[in-house]
Protein chains: 4
Amino acid sequence: MSRFEERIHHALDSFQIELPSWGFANTGTRFGKFQQAEAATSIEEKFADAAEVHALTGASPSLALHVEWDLPNGVKDAQQIRSLAAKYGIRAGAINPNLFERQEYKYGSICNPDKAVRAIATDHLLESVEIAKALGMRDVSLWVSDGSNYPGSQSIRRRIDWMLEVFAAVHAALGERQRMLIEYKPFEPAFYHTDIADWGMALVLARRTGPKATVLVDTGHHYQGQNIEQIVTWLLHEELLGGFHFNDRKYADDDLTLGSIDPYQIFRIFHEIFSNAADVQQIPFMIDQSHNLKGKMEAMVQTVCNAQEIFAKAAIVDRERLGGLQDEARLVEAEECLREAFWFDVRPAIREWRRSHGIAEDPLDALRTSGYLEKIRAERRERNAKAVVSYA
Amino acid sequence: MSRFEERIHHALDSFQIELPSWGFANTGTRFGKFQQAEAATSIEEKFADAAEVHALTGASPSLALHVEWDLPNGVKDAQQIRSLAAKYGIRAGAINPNLFERQEYKYGSICNPDKAVRAIATDHLLESVEIAKALGMRDVSLWVSDGSNYPGSQSIRRRIDWMLEVFAAVHAALGERQRMLIEYKPFEPAFYHTDIADWGMALVLARRTGPKATVLVDTGHHYQGQNIEQIVTWLLHEELLGGFHFNDRKYADDDLTLGSIDPYQIFRIFHEIFSNAADVQQIPFMIDQSHNLKGKMEAMVQTVCNAQEIFAKAAIVDRERLGGLQDEARLVEAEECLREAFWFDVRPAIREWRRSHGIAEDPLDALRTSGYLEKIRAERRERNAKAVVSYA
Amino acid sequence: MSRFEERIHHALDSFQIELPSWGFANTGTRFGKFQQAEAATSIEEKFADAAEVHALTGASPSLALHVEWDLPNGVKDAQQIRSLAAKYGIRAGAINPNLFERQEYKYGSICNPDKAVRAIATDHLLESVEIAKALGMRDVSLWVSDGSNYPGSQSIRRRIDWMLEVFAAVHAALGERQRMLIEYKPFEPAFYHTDIADWGMALVLARRTGPKATVLVDTGHHYQGQNIEQIVTWLLHEELLGGFHFNDRKYADDDLTLGSIDPYQIFRIFHEIFSNAADVQQIPFMIDQSHNLKGKMEAMVQTVCNAQEIFAKAAIVDRERLGGLQDEARLVEAEECLREAFWFDVRPAIREWRRSHGIAEDPLDALRTSGYLEKIRAERRERNAKAVVSYA
Amino acid sequence: MSRFEERIHHALDSFQIELPSWGFANTGTRFGKFQQAEAATSIEEKFADAAEVHALTGASPSLALHVEWDLPNGVKDAQQIRSLAAKYGIRAGAINPNLFERQEYKYGSICNPDKAVRAIATDHLLESVEIAKALGMRDVSLWVSDGSNYPGSQSIRRRIDWMLEVFAAVHAALGERQRMLIEYKPFEPAFYHTDIADWGMALVLARRTGPKATVLVDTGHHYQGQNIEQIVTWLLHEELLGGFHFNDRKYADDDLTLGSIDPYQIFRIFHEIFSNAADVQQIPFMIDQSHNLKGKMEAMVQTVCNAQEIFAKAAIVDRERLGGLQDEARLVEAEECLREAFWFDVRPAIREWRRSHGIAEDPLDALRTSGYLEKIRAERRERNAKAVVSYA
């Protein structure tokens, strides 16, 4: 086994990426959803699908949950989740509260000028913390979709303080080893101002909130041209990098498959993590994508494989040599040192790793020939057919 | 009456902007819709709302229709539309086919690699032409939302020819004085490639299709930084400007109120139209917005008022003097000559124009005190409450 | 005098905007410079021009200086500056060190992997502090143009610490009431990563450096779509807003005249300042523009007038009423409350203010008829003609 | 030799990329230039450097020339160029007129409102055609950098017609087999409007000008997010693709090394060319980059190698299989079919190709050990040291 192969195998041994429960359900754009017969509806179906992805890839042992959709009765549903986790051998990952779906949240949730609405949102967050405790989950992922659509229509300034109040309450409720992850996003669903628009705002909020508050990087939540790996480096420098929501994009928050549009960028992100993280395994890598055309299962397996491949490429960068070349400003050589790893074809080594772990060499092919897709389509088709949602 | 006032009144006399029937219905983002008690559901409600907006502003005598939502039975519904138009004194404006909502369109409508799906889409377009003929409408607005989400997943090249085939069929079906308006959009709902992504593609399609094919400019369908007024000028130069879908945006296709984010840009667009159009009145100005927070009626009245104000400002530019300053490259003076009009407060003159036409001086205020909102909320609340649509 | 007029006059009484010495010199793009006969070369010419702008506008009593260009002998030139300031009645404003022009800075100045180069840069910064002390200037404006052009070619991470070391040294040298302003910029002249790319990085640096370190907002240094007024609000919230470099842009760092592309945006920035700043007068407003086509003097006078107009508009927003409407989420009314001020024509009130202060009502016109332009063109033409700089 | 290797060798046999003479000279940003001892100044030095790059890579047998810098005496210098071409075994490639450097072009060259300036520009273009004829060059590359910086300062509309007039004159002067290539660019050096801002405008101009007029795609001249390969496909569809100026960018027209920021994008461009071009070899691939940090020679050799690698990857796409998968909308399989080629490590096959052609396996390494760099640095250092150009 060559030096590269060893490092690739070593990297894959420790690489895990969390699946999102909502990634198995039908999703779409504001113009409608294309229904898939195989889409999961119940939480059990989502666990089953996640288990299948993990069986095929060996790299996705946990499932992020969405309170509103997966635990509609809140903490009362925790027991069911525990049973499903045990049954399917899939761990419950991060908990995701929902601050955008209730009609009350029209003018904001935790930033709403109406105190009563903020209280509803706070209660929901506190219940989410309770759920996380009940299920032994470390991370509460907070996406605050609040914002405004028109200059003047809301007070940017006062909403900051309302947010800080709620965050303080959530932080106080966290258990010893729990964390809150604060996500940022420049726009959508709000189109003039989003209350947490960039990593700077998330950082200030995390700092002001307390030591258990960190920043969550969703790779699709940036401006065009923004250097995401640099932000990751700064967050690592400040010891505030809480985790990732991975996806790719060409225009806005397109929620495409990781590495499908700009694979070199995700490689650079992993490279900065390898270069600067105290403990790579402590950083939660989570998938957050919305596939409205690709098959749900196919897309998820493909994503995990992409992630493994690009992670493996980043693992074999000769960082010691690179550091020396950077020191001497030997620009082209340093650049080529980095690219050497990017262009190396890691796929044979990954196939070998899979063989040695009793996993199919080609997980996508294995999915197609497994019969699983036929099975779930037959089981789920009827219910999905009833659920057509239209734009009008 | 001053010189400016006269020109403002003259401009307003001829200014009309078309309302979209879908602008009175509940719409939202992919994260959900906030239901409004006052939202219109039936086509009659949409006509009623449009009539109210026109009564308040005197500038919106026509209503764009959406085939799928307003004429679900196709040309059979034409008689009903005619009756409503007569009853409410609102003309049926452009007809809008729908190429995105059917499940068959998952991989495209007129660009779908499956001939059978292209045939469905073609039939729908031909029926739309029939409707337009039946109702005496001149313009068929074609938004082709087709595209693909991933490199390689579809053939960019072959889809061009499929599109051309369908457009040829539609063009052949158009009546003597009918036109087809080809809309372009860079992304959404497709996120890697959209088959008609920019005005260049729309122009090529229009040229290849025939003399009744023109280009439709939706102000929200551009890249960041793109100079829209320049595109308008080129389309006028090429005699291919078919009309406008007006809205404003800060990030993507945000579908915000016209002039709410960058009023100077819309002023410049109107200025280029005044400078270069053979007949300003022949260019259809249409509203295409999606208000998920603002009240539907309020937003529509506000939009028409904004449009009147900015159109009035553009009307009073001293274009003769401006041309001379441009010729001599007196840059600052030329710029100030343009801005002189932008900064002029046209509101008093517009109030005067309204008074002289028997319209309320402040249409937004008149709407609030008219009782209309209370009336429709009471009538429509119950049905709207039942129609809650969620993201999950 | 109406209520609006009073508030406008009051606002103008306190409004000052600082001129940049380099704004009177020839500048251009990487494709070349168009020489102006009137361009200033010597520091005396720059003071003279600034004095003329102030005489015409009554709003620009200070001149920002650039160490490399205005004090080539460093602190030894301080006496000359003092004399010129006295002679022309113009105060020396912020001091601007130069970290981009020396050949040594090819791979960075304070982020250069070579310690010897970092020492050169540090010395230059410390000398700049000395100059500021010698001239009684409060603010040292730090634009760190460092970065890299290619992934891998430099270590993003290690350069952060080098920067922090130098900033600590500069901070230690600052006098009691002095401040350092840390500027951020996403790109140019570096095209892959810029060491201080956004306000988040500048904020972290300022926080880590000490209480005299603040953040400088250059309005042209943002991503497309970024909400600048929101960043201003956050910096005010964190008490870290150090000042502004004003200009406008459509694409990149275009350095155009303030308010020339998007006047509504600059209005919103001023509105947030009025809403949230403890003391508006303590925030340095500085011009940083590069006019390669407009006449230098004309452009500067026009800029000050634009700034006065937009500042005046922001001054008359009825913020009390606005707050109430925001509280009740009366979106359209709140928006209209803000726009009411934007659309108000402040020019008559400003003309009146000028009259009452013995200033020409139309400063641009006064400049053209003053004979000043003819005078300096005659004096400076010959020298400028010799200084042609080409791209090749 | 495997199937892939054969196709790679076949592709490389026909692959050529043209070097820009200005790529060997010192260039920089508007903030200054970092002087390189090795930079070429004379046209002979540029030919010598190009010959060295071609000797090392076997893929760059021609040199694009810049009239203003390489033939300062116009057609009189043609004989010298012929001699140098013969001496160095490098063909003169496309001719590049210069429409931005003369002081007369301040308000535009061929779009200048002053007829006399348009005449100067026209004469220069006609002389460029003469040069091209004298040297047997097929292509005249036209970059019209004209535009305006402020709304209103110039007439967008009238400048279109002035441009068309000049283009007609140039077209009339072209020889039987000559072509004019019309380049587009959204901004820089103009910042409000650029007269040829996008491919749509270039296409209209080419169509109106005549059959010898085509469109030149500079990969750095697009909006953020724009799908360049789609534009290439449309230009091929319209038989108007004239050629490429290759470079890469992250933000604006950064002129970085091809494939250094987004290698997947350039792969997709080559893939569309392979898919749709009648004759790939007829499309001129030209480099247009501005390296202000990387060594001039190093950067150029690296660029050619990058281009070979990515071209080779695109060559091995299984386009027949891909077409079938696209037809059946098997999205993930089609995507993976394309990516299969992208991820294949072509470097061993390319090394083998080089060996078989008597070229060094690693051209960058060969450059470093060749002694060429030391030689030219010694010869050129002194002159370059004198040429320091500053921003001030």
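**Close-up views of a predicted model**

**View 1. The contact between chain C and chain A.** In this predicted model, the contact draws 44 residues from chain C and 44 residues from chain A. On the side of chain C that touches chain A, at least two residues come from each of α6 (156-173), α7 (199-209), α8 (228-237), α9 (263-276), α11 (319-327) and α12 (331-343) of chain C. Sorted by class, this side of chain C holds 20 nonpolar, 17 polar and 7 charged residues.

**View 2. Helix α6 of chain B.** Helix α6 (residues 156-173) of chain B has 18 residues, which at 1.5 Å a residue should span 26 Å; its end C-alpha atoms are 27 Å apart, in agreement. The buried residues of α6(B) are B:I156, B:R159, B:I160, B:W162, B:M163, B:V166, B:F167, B:V170 and B:H171. In an α-helix there are 3.6 residues a turn, so residues three or four places apart point the same way.

**View 3. Helix α12 of chain B and its surroundings.** With 13 residues at 1.5 Å each, helix α12 (residues 331-343) of chain B should span 18 Å, and this agrees with its end C-alpha atoms, which are 18 Å apart. Because 11 of the 13 residues of α12(B) are buried, the helix is largely enclosed by the rest of the structure. Among the buried residues are B:L331, B:E333, B:C337, B:R339 and B:F342. Within chain B, the buried residues of α12(B) pack against α9 (263-276), α10 (296-315) and α11 (319-327). They also pack against α10 (296-315) and α14 (363-369) of chain C.

**View 4. The annotated domain of chain A.** An unreviewed UniProt entry places the feature "domain: Xylose isomerase-like TIM barrel" at residues 74-269 of chain A. This span is 39% helix and 16% strand, and its end C-alpha atoms lie 35 Å apart.

**View 5. Strands β4 and β6 of chain A.** From strand β4 (residues 139-142) of chain A, A:D139 and A:S141 point one way and A:V140 and A:L142 the other way; all are buried. β4(A) runs parallel to strand β6 (residues 179-183) of chain A, and 4 bridges join the two. Opposite A:S141 stands A:L181 in β6(A).

Notes:
Residues are numbered from 1 along each chain as its sequence is written. Chains are lettered from A and ligands numbered from 1 in the order in which they are written. This is a predicted model: local features need pLDDT of at least 70, side-chain atom pairs count only at pLDDT 80 or more; totals for chains, interfaces and linings use all residues. Two residues are in contact if their C-beta atoms, placed from the backbone, lie within 7 Å. Ala, Val, Leu, Ile, Met, Phe, Trp, Tyr, Cys and Pro count as nonpolar, Asp, Glu, Lys and Arg as charged, and the others, Gly among them, as polar. The expected span of a helix is 1.5 Å times one less than its number of residues. A residue is buried if 20 or more other C-beta atoms lie within 10 Å of its own, exposed if 12 or fewer, and partly exposed in between; C-beta atoms are placed from the backbone. UniProt positions are given in the numbering used here, feature names are shortened, and annotations may be inferred rather than shown by experiment. Two strands pair if DSSP finds at least two bridges between them.
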